[in-house]
Amino acid sequence: QLSQVLLNEIDRNHQGFIDEEQFVAWIWRLPQDAVKSILHFPIIPEEVIAASKGQAFDSTDVATLEESSAVTDKQLLQIASEVSGRKRDWRLLANNLGFLEQETSVFEEQHSEDNQQIVEMLRAWLRKTELLSGASTLQRALRDSGNADIGNEVFQLSF
């Protein structure tokens, strides 16, 4: 019964299911403090976090994200080539860059080849992002989508 109430609240189109766009729209309608409290669920126990704060931070273990460098078209082409050549899920990368499923479908409709779909997605992302924060955002999205190896190669990093 609770699931039916939730479905009725979110499914404004009465489809009988909730798609990504409806879910995101519903989240945006909620009070932000409620969203923060719902989505805050620490996985690492508090005592482990507290204990780790007492340890020295070794910056050699973590790659430095290039905050001030702009992403070049050559880098976008290299990323697209590597992601498609290694048969990686580029839609997950697109999602990490802020694209919704409906938006990735547009790239698929416009281009038949994976490589071109990825290039167009990356160029669309670059057009809507701030140029100076682009490299760090793209590096983080590559890492979070399971493509850290490609990010390492393109940006000469070591995650």
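Modeller: Let us begin with H14, which is found in the loop between α1 (2-10) and α2 (20-29). The model is a predicted one.

Colleague: What is the phi of H14?

Modeller: The general idea comes first. Most residues other than glycine have a negative phi. In H14 phi is positive, near 55 degrees, although the residue is not glycine. H14 is also exposed, with a relative accessibility of 69%.

Colleague: Where is K87 placed, and is K87 buried or exposed?

Modeller: K87 sits in the loop between α5 and α6. Its relative accessible area is 72%, and K87 is therefore exposed. The phi of K87 is likewise a positive value in a residue other than glycine, near 55 degrees. A further positive phi, near 50 degrees, belongs to Q156, which follows α10.

Colleague: How many helices and strands are there in the protein?

Modeller: The protein has 10 helices and zero strands. Along the sequence, the pattern reads α-α-α-α-α-α-α-α-α-α. Of the 159 residues, 30% are buried. As for contacts between residues at least 6 apart in sequence, 64% of them join residues at least 24 apart.

Colleague: Why is helix α10 described as largely enclosed by the rest of the structure?

Modeller: One asks how many of its residues are buried. Helix α10 covers residues 148-155, and six of these eight residues are buried, so the helix is largely enclosed by the rest of the structure. The buried ones are A148, I150, G151, N152, V154 and F155. Their cover includes α5 (73-85) and α9 (134-144).

Colleague: How is the packing of two helices described?

Modeller: Two packed helices are described by the angle between their axes and the distance between the axes. For α5 and α10, the axes come within 10 Å and cross at roughly 145 degrees. The crossing is right-handed.

Colleague: Which residues of α5 meet α10?

Modeller: From α5, the residues are Q75, Q78, I79, E82 and V83; they meet I150, E153, V154 and F155 of α10. By class, the residues of this contact comprise five nonpolar, two polar and two charged.

Colleague: Which residues have the most contacts inside the largest nonpolar core?

Modeller: As a general idea, in soluble globular proteins nonpolar side chains tend to be buried together. Here the largest nonpolar core has 25 residues, and those with the most contacts inside it are I79, L93, L97, F99, M121, L122 and L138. Each of α5, α6 (90-96), α8, α9 and α10 supplies at least two residues of this core. The greatest share comes from α8, with seven residues.

Colleague: What is the count of salt bridges?

Modeller: A salt bridge is counted when a side-chain nitrogen of Lys or Arg lies within 4 Å of a carboxyl oxygen of Asp or Glu. The count comes to 10 salt bridges. One of them joins the side chains of R123 and D73, at 2.9 Å from N to O. R123 lies in helix α8 (residues 114-128) and D73 in helix α5, so the pair ties together parts that are 50 residues apart in sequence. R123 is partly exposed, at 26% relative accessible area, and D73 is partly exposed at 37%.

Colleague: Which residues are linked in a network of salt bridges?

Modeller: The network links E82, R86, R88, D149 and E153. The side chains of E82 and R86 meet at 2.9 Å, N to O. E82 is partly exposed, with 22% relative accessibility, as is R86, with 28%.

Colleague: How far apart are the closest N and O atoms of R143 and D144?

Modeller: They are 3.5 Å apart, and the two residues form a salt bridge. R143 is partly exposed at 33% relative accessible area, and D144 is partly exposed at 46%.

Definitions and conventions. Residues numbered from 1 in each chain as written. Predicted model: local features only at pLDDT ≥ 70, side-chain atom pairs only at ≥ 80, totals over all residues. Heavy atoms only, no water. Buried < 20%, exposed > 50% of the residue type's maximum accessible area, 1.4 Å probe, protein only. Helix = DSSP H or I, 4+ residues; strand = E, 2+ residues; numbered from the N terminus. Contact = heavy atoms within 4.5 Å. Axes fitted to C-alpha atoms, helices over the stretch in contact; angles between N-to-C directions. Left-handed = near helix turned anticlockwise from the far one by under 90°. Nonpolar A, V, L, I, M, F, W, Y, C, P; charged D, E, K, R; others polar. Core = buried A, V, L, I, M, F, W, Y, C linked by side-chain atoms within 4.5 Å.
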